[in-house]
Amino acid sequence: MISVTVAAGLLAALVAACGGGDDSKDADTASGGLAGSPITIEVITTLTSVTPGTEAYQAAQAAAAAVNASGGINGHPLKVKVCDAKGTESPTAATTCARNLVADKDVIAEVGDYQAFPEQTNTILNAAHVPNIASQPTAQSTLSSPNSFPLAGSDGAGLGTVLADNGAKNIQVAYTNVAAAASAVGFNTITLQQGRGIKLMGGIPVEVTATDLTPVVTAGAKGDGVAMAMMPTHVASWLNVAKSGNFTQKLSASAGSLTEDTLKSLGDKANGLLVAAGLPLVTSDMPGIKRFKDEMAKYQPKADIDQVSLNAWMGTWAFAQVARTIKGDVTRASTLDAFSKLTNFNVFGLLPDGYTTTKDFDFPGLGRLFNHQIVEGVVKDGKLVQTSDGYVPVFTPKP
């Protein structure tokens, strides 16, 4: 099975658009008065787009500032760079970022990637043996290459699962009609059957240019649950039709696509929408989430607090935690080696118990999916609310 971009990666990618601006910038991250030479990481994200992922960069900056305030990496300050991947009409900007990162030998790793072309960029990074930390588990390269270390579980795998766990038995997948999104049908067919013993009814394609979604929402009414692997404009249109008509199906979407701006634009129409998340929701009361929000408030108070910023913040801290264990110089090679040997690794309690990178996941096409679980939630009063007690399994039945 080839698992390509689904859910979070797809939804983010489809709404990005090109723009101007410098491609690469250095972060103004506090060094904490550390005297050692800087250790540099880089974030490739969309800075100039309709839905920019600026918070990924800001969150990495916040984490780096906190790392430096706590001694840095064995006395060396952690420095963050950023490169603008721009939009989705062409991978040129993103691949240029990746090539420039490879050429800059001072950059040890990419962290918290959030852009539309992870397949192309990680192929370049992997060829140069550059670690990709907290990569999005949404592309074949990031799910199979030895340089890739995603922290999050797969939102896409959980779209049907969260519906099933909330009582739906006749589930369909509605997807924006592009090849990447269409793969969500096969993906959820396998995970629902293997994890919940439910046969997926089928898929509902939604044309990219569709504006009136009444016909597809009507098709969704043949079942009692619809997993939406769609771009946010389609999600909004579906919710508009469903709320205005007599449609009572349970609906699910990826937490990675429900940014602060998206939730604001949806308003109360999103209330009741079930959510699959690859990491704990930023609205949970977990100590690790509190730490995340405290550090963001201290070092990047204007940044969005969402699943995108959480992933980049966690990735930066994960890099620092692992780099602190390296004896000798922190290089691309030593970082890659150290990340490949993690057992029972965690970042402030935000990863599932037993997270390890020492062996690939025994599931076709998903070898680097080290986190096999999801967190479930619901949209309530315009905010994500976690409903599961921590992580729940996707590929195996719940205990």
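Gly87 counts as buried because its relative accessibility is 1%; buried means under 20% relative accessible area, exposed means over 50%, and partly exposed lies in between, with a 1.4 Å probe and protein chains only. Gly87 sits in the loop between β3 (78–84) and α3. Helices (H or I, at least four residues) and strands (E, at least two) are DSSP runs, numbered from the N terminus. Between the C-alpha atoms of Gly87 and Gln115 there are 8.1 Å in space, while the two residues are 28 apart in sequence.

Val82 belongs to strand β3. With 0% relative accessibility, Val82 counts as buried. Val82 and Thr45 are 37 residues apart in sequence, and their C-alpha atoms are 7.4 Å apart in space.

## Basis of the model

This is a predicted model, in which local features need pLDDT of at least 70 and side-chain atom pairs count only at pLDDT 80 or more, while totals for chains, interfaces and linings use all residues. Residues are numbered from 1 along each chain as its sequence is written, and side-chain values use heavy atoms, with hydrogens and water left out.

## Buried residues in two other strands

Thr40 is part of strand β2 (residues 39–45). Its relative accessibility is 5%, so Thr40 counts as buried. Leaving out residues up to four places away in sequence, Thr40 touches Lys79, Lys81, Asp106, Val107, Ile108 and Ala109. Contact here means heavy atoms within 4.5 Å.

Val226 lies in strand β9 (residues 225–229). Val226 has 0% relative accessibility and therefore counts as buried. Not counting residues up to four places away in sequence, Val226 touches Leu163, Gln172, Ala174, Gly220, Trp238, Lys250, Leu251 and Ser252. Met201 is 25 residues from Val226 along the chain, and the C-alpha atoms of the two are separated by 9.9 Å.

## Helices α3 and α4

Helix α3 (residues 92–103) and helix α4 (residues 118–127) have axes that come within 8 Å and cross at roughly 15°. Axes are lines fitted to C-alpha atoms, for helices over the stretch in contact, and angles run from 0 to 180 degrees between N-to-C directions. The angle makes α3 roughly parallel to α4; angles under 35 degrees count as roughly parallel, over 145 as roughly antiparallel, 65 to 115 as roughly perpendicular and the rest as oblique.

On the α3 side, the contact is formed by Ala94, Thr95, Ala98, Arg99, Leu101 and Val102, which meet Gln120, Thr121, Ile124 and Leu125 in α4. The residues of this contact divide into six nonpolar, three polar and one charged. Ala, Val, Leu, Ile, Met, Phe, Trp, Tyr, Cys and Pro count as nonpolar, Asp, Glu, Lys and Arg as charged, and the others, Gly among them, as polar.

## Helices α11 and α12

The axes of helix α11 (residues 307–323) and helix α12 (residues 332–339) come within 10 Å and cross at roughly 95°. This makes α11 roughly perpendicular to α12. Ala318, Phe319 and Val322 in α11 meet Thr335, Ala338 and Phe339 in α12. By residue type, the contact of α11 with α12 has five nonpolar, one polar and no charged.

## The nonpolar cores

In soluble globular proteins, nonpolar side chains tend to be buried together. A nonpolar core is a set of buried Ala, Val, Leu, Ile, Met, Phe, Trp, Tyr and Cys residues joined through side-chain atoms within 4.5 Å. In this model the largest nonpolar core has 84 residues, and those with the most contacts inside it are Ile73, Leu78, Trp238, Leu310, Trp313, Met314 and Phe319. Helix α11 gives the most to this core, with 11 residues.

Phe319 touches Ile39, Ile41, Ile73, Leu78, Ile108, Ala109, Val111, Val330, Thr335 and Phe339, again not counting residues up to four places away in sequence. Another core, of 30 residues, lies apart from the largest one; among its residues are Ile171, Ile198, Leu274 and Leu369.

Asn344 is found in the loop between α12 and β12 (373–380). Asn344 has a positive phi of about 50° although it is not a glycine. With a relative accessible area of 63%, Asn344 is exposed.

Phe348 is also placed in the loop between α12 and β12. Phe348, not a glycine either, has a positive phi of about 55°. Its relative accessible area is 25%, so Phe348 is partly exposed.
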